[in-house]
Amino acid sequence: MLLIVESGIALYVHDAIIRPFFGDFLAVIALFFLLKSFLNLQDLTIALVSICLAYFIEFLQYCNFLAFSGLKKYKFIVVILGNSFDWRDIFAYTLGIFAVFFFDKETLGFEVKTDVEKQKPTQY
């Protein structure tokens with residue numbers, strides 16, 4: 001689902017906030033959950049791998065890798081990997097990983113119980 005939203009943002013939204021910032025924010029969250037669905041590792045490890053991979057892709061953009069490698073002619077690759085370096089992307093990736101830990105109950109290691117779940121049956 002996040003990949004579809006990400007692709008829609010990349011292809012159809014051309015503004016100064018949602019595409020450059022929110023798209024990267026969601027990208028690292030999507031990467032985290034993609035890796036989590038295939039890897040049996042601790043969430044912190046998956047988060048570190050996710051953020052390092054996002055930073056590495058941003059570094060490739062800084063080095064103009066797509067133009068150098070000849071991959072810039074493939075629009076799908078340009079949409080997925082991006083084509084321009086921006087320090088704000090690094091900030092968005094970092095906030096995205098923090099959001100994963102802030103909002104994901106499983107990652108935090110606890111679950112919020114409702115009032116009904118808190119009530120335990122009386123044992124006689």
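Predicted model: local features only at pLDDT ≥ 70, side-chain atom pairs only at ≥ 80, totals over all residues.
Together with Leu34, Phe38 and Leu39, Leu41 makes a nonpolar surface patch of about 420 Å².

Helix H2 covers residues 18–38, and Ile18 belongs to it. The helix has 21 residues and reaches 29 Å from its first C-alpha to its last, which is close to the 30 Å expected at 1.5 Å a residue. Ile18 has a relative accessibility of 38% and therefore counts as partly exposed. When neighbours within four places in sequence are left aside, Ile18 is in contact with Ile9, Val13 and Gly23.

Further along, a number of residues of H2 are buried, among them Gly23, Phe25, Leu31 and Leu35. Asp24, which is also found in helix H2, has a relative accessible area of 15%, and because buried means under 20%, Asp24 is counted as buried. Apart from its neighbours within four places in sequence, Asp24 is in contact with Arg19, Asp89, Ala92 and Tyr93.

## The largest nonpolar core

The largest nonpolar core has 16 residues, and those that touch the most other members are Phe25, Val28, Ile29, Phe32, Ile51, Tyr93 and Ile97. The elements giving two or more residues to this core are H2, helix H3 (43–62) and helix H6 (87–103), and the largest share, seven residues, comes from H2.

Not counting residues up to four places away in sequence, Tyr93 touches Asp24, Val28, Ile51, Ala54, Tyr55 and Glu58.

## Two salt bridges

A search of the whole structure finds two salt bridges. In one of them, Lys36 is paired with Asp43, and the closest N and O atoms are 3.4 Å apart. Lys36 has a relative accessibility of 18% and so counts as buried, while Asp43, with a relative accessible area of 14%, is buried as well.

In the other salt bridge, Arg88 is paired with Asp86, the closest N and O atoms being 2.8 Å apart. Arg88 has a relative accessibility of 58%, and it therefore counts as exposed.

Note on methods. Residues numbered from 1 in each chain as written. Heavy atoms only, no water. Helix = DSSP H or I, 4+ residues; strand = E, 2+ residues; numbered from the N terminus. Buried < 20%, exposed > 50% of the residue type's maximum accessible area, 1.4 Å probe, protein only. Contact = heavy atoms within 4.5 Å. Expected span 1.5 Å × (residues − 1). Core = buried A, V, L, I, M, F, W, Y, C linked by side-chain atoms within 4.5 Å. Patch = residues over 30% accessible without salt bridge, like charges linked within 9 Å, V, L, I, M, F, W, Y side chains within 5 Å. Areas by Shrake-Rupley, 256 points an atom, 1.4 Å probe, with all protein chains shown as cover. Salt bridge = Lys/Arg side-chain N within 4 Å of Asp/Glu carboxyl O.
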